[in-house]
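Work through the exercises below with the sequence and the model at hand. Each task is followed by its solution in steps.

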Amino acid sequence: MKQISELELYYNKFNEEKRLDSRHGQVEFITSMKYIHKYIPTDREPSAIKILDVGAGTGRYSIALAEEGYDVTAVELVKYNLGILKQKRDTLGDALKGSLTAMQGNATRLKKLEDNSFDVTLIFGPMYHLFGKEDKLKALSEAKRVTKPDGIILVAYCMNEYSVLTFAFKERNILQCMEEGRLSDDYKTLSQPEHLYDYMRIEDIDDLNTSMGLKRLQIISPDGPANYIRPFLNQLNEEEFKHFIEYQLATCERADLIGAGAHTVDILLNTK
């Protein structure tokens, strides 16, 4: 019998649906969808556009894109999340304008998927949990393989400074982190697989792209300051929150802010 991984145990308990429906989750979703739509080809009908969602979770992006009529394939490692995704799809039934294929799989081994199959590939979760350059490159290599030449790959990363400021300082774990060797001399997070999450700086992301020969089109902060101010976002009324969304969309490309948020989305051209 296959042993369940620590990551699967974590997501079996983690309420992904609650996070996605939260105010900070809405900020991330709205911003990311803006840039997905920016790079989806417009020369064909949506049903002719093939989108791959690697690390699809419970289907927030997969479902939304299938509802718009796109041909979506969702790959998710965690069976619990995959079950929720399939249940959502089946409940919607004919309400989905497009198609949605859901399967279990690993971002570093997309063996069920053929080369040059997808117009757009999303990797919005796997890089959070892949440790070391080698495994991240495997995920990028697989995304590059299955994406069409001149297709678009969008990759999300968890960012180092957010982790240090929140976990180490705000939650007062700094002394423990230093004692356990979890931070370098310049306060770079030194994560291990048992910590579940890995964290990046912009230069680390640049290094991956250089190694893979991928060309960056844009890099954005999909959540900006939202994760830092969660309680304050929840206190905003709808009109105030609308202005926050407008602020976020107006500033998410600013180079002076990108590395400070909880996440980045790197938008890449698949040059083969």
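**Exercise 1: Surroundings of Asn-227**

Task: find which residues Asn-227 is in contact with, leaving aside its neighbours within four places in sequence.

Solution. Contact means heavy atoms within 4.5 Å. By that criterion Asn-227 meets His-24, Tyr-162, Ala-262 and His-263, once neighbours within four places in sequence are left aside. Then check burial, where buried means under 20% relative accessible area, exposed over 50%, and partly exposed in between (1.4 Å probe, protein chains only). Asn-227 has a relative accessible area of 6%, so it is buried. Finally, its side chain makes a polar contact of 3.0 Å with the side chain of Asp-223. A polar contact is a pair of N or O atoms within 3.5 Å; within protein, one must be able to donate a hydrogen and the other to accept it, and residues adjacent in sequence count only if both atoms are side-chain atoms.

The model is predicted: local features need pLDDT of at least 70, side-chain atom pairs count only at pLDDT 80 or more, and totals for chains, interfaces and linings use all residues. Residues are numbered from 1 along each chain as its sequence is written, and side-chain values use heavy atoms, with hydrogens and water left out.

**Exercise 2: Helix α8**

Task: list the buried residues of α8 and state what they pack against.

Solution. The buried residues are Asn-160, Tyr-162, Ser-163, Val-164, Thr-166 and Ala-168. They pack against β5, α9 (174–179) and α11. Phe-169 also lies in this helix, which spans residues 160–170; at 41% relative accessibility, Phe-169 counts as partly exposed. Just after α8, Arg-172 takes a positive phi of about 60 degrees.

**Exercise 3: Glu-67**

Task: is Glu-67 buried, partly exposed or exposed, and what does it touch?

Solution. Glu-67 lies in helix α4. Its relative accessible area is 35%, so Glu-67 is partly exposed. Not counting residues up to four places away in sequence, Glu-67 touches Leu-92, Leu-96 and Lys-97. For a distance check, the C-alpha atoms of Glu-67 and Leu-249 are separated by 23 Å, the two residues being 182 residues apart along the chain.

Definitions and conventions: Helix = DSSP H or I, 4+ residues; strand = E, 2+ residues; numbered from the N terminus.
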